[in-house]
Amino acid sequence: MAAGLTYIGALVLHAISSGNRYGFQIMAATELASGTVYPALRRLEKAHLIRSQWEKAAVARAEQRPTRKYYQVTVDGEAALLDAGKRYRFPEVETVPKEADR
């Protein structure tokens with residue numbers, strides 16, 4: 001998939017790599033709509049460039065919000081992102097401080 005990584009896929013991968021770990025953060029960082037981001041996330045996960053994990057429901061309940069699915073770039077994803085960086089220019093994406101895994 002690395003050779004076939006689209007600009008949108010690379011941009012979403014770049015946002016995750018910059019610390020944007022769940023959907024709304026990724027949408028805000030990339031300024032892309034949910035109808036673009038979530039299909040890209042599914043494609044990246046299917047290609048094993050990212051992995052995901054649902055947070056504990058108790059954490060979301062305590063914060064009175066829906067549970068979040070957190071994404072992380074895999075080793076293959078890091079390699080694909082390096083390769084994509086040679087082909088694409090990425091806009092500045094706000095880097096989010098790494099939060100503790102939930």
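Q: How close are the N and O atoms in the salt bridge between glutamate 63 and arginine 65?
A: Side chains of opposite charge can pair when their charged atoms come close. A salt bridge here is a side-chain nitrogen of Lys or Arg within 4 Å of a carboxyl oxygen of Asp or Glu. Glutamate 63 and arginine 65 form one, with the closest N and O atoms 2.9 Å apart. This is a predicted model: local features need pLDDT of at least 70, side-chain atom pairs count only at pLDDT 80 or more, and totals for chains, interfaces and linings use all residues. Residues are numbered from 1 along each chain as its sequence is written, and side-chain values use heavy atoms, leaving out hydrogens and water.

Q: Which residues are linked in a network of salt bridges?
A: Glu55, Glu63 and Arg65 are. Glutamate 55 also bridges to arginine 65, with the closest N and O atoms 2.5 Å apart.

Q: Is glutamate 55 buried or exposed?
A: Buried means under 20% relative accessible area, exposed over 50%, partly exposed in between (1.4 Å probe, protein chains only). Glutamate 55 has 5% relative accessibility, so it counts as buried. Arginine 65, at 18%, is buried too. Glutamate 63 is partly exposed, at 41%.

Q: How many salt bridges are there by this rule?
A: Three. One of them joins arginine 87 to aspartate 83, with the closest N and O atoms 3.1 Å apart. Arginine 87 is partly exposed at 39% relative accessible area. Aspartate 83 is partly exposed at 28%.
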